[in-house]
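Here is a short report for a first look at this model.

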Amino acid sequence: MTSRTGRHFLQIPGPTNVPDRVLRAMSAPTIDHRGPEFAELTLRLLGALKPVFDTEGPVVIYPSSGTGAWEAALVNTLSPGDRVLCFETGHFATLWQRMARDLGLRVTLVPGDWRHGVDPHDVRRELDADPGGSIKAVCVVHNETSTGVTSPVPEVRRAMDAAGHPALLLVDVISSLGSIDYHHDAWGVDVTVAGSQKGLMLPPGLGFNALGAKALAASRTARLPKSFWHWGPVVEANRHGFFPYTPATNLLLGLDEALRMLAEEGLPQVFARHTRHAAATRAAVRGWGLDVLCADERAYSSSLTGVLLPDGHDADRVRRIVLDRFDMSLGAGLGRLAGRVLRIGHLGHLGDLTLAGTLAGVKLGLTLAGVPVRPGGLDAALELLRAP
């Protein structure tokens with residue numbers, strides 16, 4: 001049996017490394033979720049979350065995965081048979097549209113190559129072709145975790161406004177919140193969907209919906225079945241610091257600490273750090289002579305980088321070698337990208353030396369797997385990291 005020394009490098013694009021401060025906060029004794037101490041915690045959290053989403057509206061917290069938050073966004077705003085417009089930007093965008101179908105919605109799916117984000121021209125074309133307003137929601141994944149491609153949400157909103165279409169804009173920020181600059185209110189988003197296990201630096205288990213006024217109005221007439229996911233009882237209970245179900249109390253203690261850490265660093269600095277680490281990672285990939293999966297430099301993700309391996313080479317074999325030899329986990333290719341792509345996560349609680357070690361491990365794994373790589377990739381990354 002292999003003996004491990006040092007800390008495991010968890011470099012998948014979520015769940016991410018949980019900071020020691022957050023782990024210690026979660027290890028506190030569980031408190032009464034009906035008591036005054038918990039009410040104070042809840043009200044503090046709901047206030048501290050608003051700057052992260054950049055919203056003045058309510059933010060709903062569920063004890064769930066991001067998948068649950070997807071469902072909450074759909075069932076609170078839509079009715080059976082409503083049309084939704086979705087875009088095939090990757091594996092998770094595909095799963096969200098599949099959920100919509102399963103819930104009895106009619107989905108128009110704009111196909112994609114998984115290397116580009118949502119094209120605002122496609123948004124305008126589809127909405128212009130719907131003068132009757134049968135499309136009730138446009139669903140966009142801001143940062144596609146399976147590919148490392150970021151879609152231009154402000155441009156999508158502008159295309160919707162230019163079409164004069166009343167559809168709601170629902171945006172998944174599960175792998176971008178706290179990692180990539182995002183503005184729920186200013187960008188005209190109606191529902192933002194998020195999860196705890198990525199840029200918020202927590203374990204999985206919390207899902208979020210940030211709610212705009214238009215979405216709240218739609219929720220009063222939406223007829224898709226809902227009970228646990230119903231926004232109304234949550235928003236009402238939250239006014240007094242409580243929840244209509246048993247909340248994930250110790251995860252909320254961790255969230256309190258994670259939000260404090262983000263505020264201490266400052267969100268502009270957090271975003272700049274992620275942008276810098278992403279640029280260093282891409283410099284390494286290109287220096288090795290490999291292709292970044294994202295084919296549009298305007299859509300490069302600051303949360304992760306997908307690396308497309310040459311034909312005849314198995315990305316999963318590289319990942320196995322890196323895990324067995326160097327105790328580091330890299331993200332697998334998902335769906336149509338299985339075996340072709342490895343994903344390097346560089347989001348959350350991450351420093352320069354951790355990223356440098358990650359890239360060194362990737363280089364070793366590629367070499368041991370027989371993938372032809374040029375020298376100089378790691379040096380190119382270190383050159384960027386050396387800059388102040």
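What volume does the second largest pocket have? The second largest pocket has a volume of about 310 Å³. This is a predicted model, in which local features need pLDDT of at least 70 and side-chain atom pairs count only at pLDDT 80 or more, while totals for chains, interfaces and linings use all residues. Residues are numbered from 1 along each chain as its sequence is written, and side-chain values use heavy atoms, with hydrogens and water left out.

**Pockets**

A pocket is an open set of points on a 1 Å grid over the protein atoms alone, where a 1.4 Å probe fits and protein lies on both sides within 12 Å along at least five of seven lines; lining residues have an atom within 4 Å of a point. A volume is the space filled by probe spheres set on the points.

| Pocket | Volume | Lining by class |
|---|---|---|
| Largest | about 380 Å³ | 7 nonpolar, 6 polar, 6 charged residues |

The largest pocket is lined by 19 residues. Thr-150, Pro-152, Asp-296, Arg-298 and Ala-299 lie nearest its centre. Helix α10 (residues 267-287) gives the most to this lining, with 3 residues. Helices (H or I, at least four residues) and strands (E, at least two) are DSSP runs, numbered from the N terminus.

In the second largest pocket, strand β1 (residues 9-11) gives the most, also with 3 residues. The lining includes Arg-7, Phe-9, Asp-20 and His-349.

**Cysteines**

The structure holds 0 disulfides, a disulfide being a pair of cysteine sulfur atoms within 2.5 Å. Cys-139 is in none; the nearest cysteine sulfur, that of Cys-86, is 4.3 Å away. Cys-139 counts as buried because its relative accessibility is 5%. Buried means under 20% relative accessible area, with a 1.4 Å probe and protein chains only. Cys-294 is buried too, at 4%.

**Helix α12**

Helix α12 (residues 352-368) has 17 residues, which should span 24 Å at 1.5 Å a residue. The expected span is 1.5 Å times one less than the number of residues. Its end C-alpha atoms are 24 Å apart, which agrees.

Buried residues in α12 include Leu-355, Leu-359, Val-362 and Leu-366. An α-helix has 3.6 residues a turn, so residues three or four places apart point the same way. Among the elements covering the buried residues of α12 are β1, α10 and α13 (377-386). Gly-370 follows α12, with a positive phi near 80°.

How values were computed:
Buried means under 20% relative accessible area, exposed over 50%, partly exposed in between (1.4 Å probe, protein chains only). Ala, Val, Leu, Ile, Met, Phe, Trp, Tyr, Cys and Pro count as nonpolar, Asp, Glu, Lys and Arg as charged, and the others, Gly among them, as polar. Contact means heavy atoms within 4.5 Å.
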